[in-house]
Amino acid sequence: MKKYVYSKGAEAVTVETDGLATINNFMVTGLIGKNYHGLVQAGLNFKMGDEVTIPMMLNAAKTCECKVECYEGNELIIDESADFTSGVPAEVGTIFGLQLGVAFNEATYYAVVPSYTDQYDYAASKASLPWLVAKFKKIAADADEQETSEYQVQVFADERQLEFRGNSADLGTLSEDKKTLTAKASNSLMFEIVKDLGILRPEMVTWFTIRFIYGGRTYEAKTYVTPGTI
């Protein structure tokens with residue numbers, strides 16, 4: 001079942017539904033939240049039993065100028081999530097095919113790491129493994145801005161948001177709390193898990209998650225790891 005989390009500032013409310021997959025007609029089955037009067041005043045007026053559609057859920061966030069994140073189980077549904085906290089975002093571009101993997105030995109180094117391996121073989125890099133590797137394709141709406149358009153990146157180990165360290169700043173600009181990286185790369189990002197993400201015992205992690213925010217839309221990818229695969 002899908003749930004839609006609407007938030008703006010300190011206010012948040014979760015609208016639970018009986019929606020499944022891409023079925024466009026479904027029903028509100030519950031609302032969970034406290035002190036979200038401002039969202040209600042702005043036009044978020046769902047109630048139990050309402051018959052709704054996917055466009056209605058997105059348009060509610062647009063009306064309230066708030067953020068909405070849709071989840072089916074624990075999976076973020078990108079196409080039904082958007083951030084309208086600054087009004088309707090301008091069309092900036094799209095992130096396609098976001099994948100996340102871990103390079104921890106010779107086989108995974110050549111399988112997971114992109115064209116970097118053409119210049120640096122496994123022997124030159126193995127001392128710094130494991131690496132967390134995100135592969136994707138950024139397509140800017142304006143071709144002239146392909147190299148300059150920016151997105152924000154956040155990384156999580158299980159439920160904990162990580163701080164970027166080490167050489168992470170070489171990939172872009174870090175926020176004051178070092179938990180958000182603003183980057184421009186079009187195809188991949190790589191982090192040393194120990195040095196760049198501060199995970200001193202990678203074998204203790206079960207899930208890594210990477211989140212991209214580009215043009216008001218949120219993209220996520222996860223990878224499952226065990227002590228023998230990191």
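Predicted model: local features only at pLDDT ≥ 70, side-chain atom pairs only at ≥ 80, totals over all residues.
Residues are numbered from 1 along each chain as its sequence is written, and side-chain values use heavy atoms, with hydrogens and water left out.

Glu 80 lies in the loop between strand S6 (75-76) and strand S7 (82-83), where helices (H or I, at least four residues) and strands (E, at least two) are DSSP runs numbered from the N terminus. The accessibility classes are buried (under 20% relative accessible area), exposed (over 50%) and partly exposed (in between), for a 1.4 Å probe and protein chains only.

| Residue | Relative accessibility | Class |
|---|---|---|
| Glu 80 | 5% | buried |
| Gly 38 | 34% | partly exposed |

Leaving aside residues up to four places away in sequence, Glu 80 touches Lys 2, Tyr 4, Ala 21, Ile 54, Leu 58, Val 68 and Cys 70, contact meaning heavy atoms within 4.5 Å.

In helix H2 (residues 54-64), the residues Ile 54, Met 57, Ala 60, Ala 61 and Cys 64 are buried. Because they cover an arc of only 130° around the axis, they sit on the same side of H2, the arc being that of the directions from the helix axis to the C-beta atoms. Among the elements against which the buried residues of H2 pack are strand S1 (2-8), helix H1 (37-41) and strand S5 (67-72).

Gly 38 has its place in helix H1.
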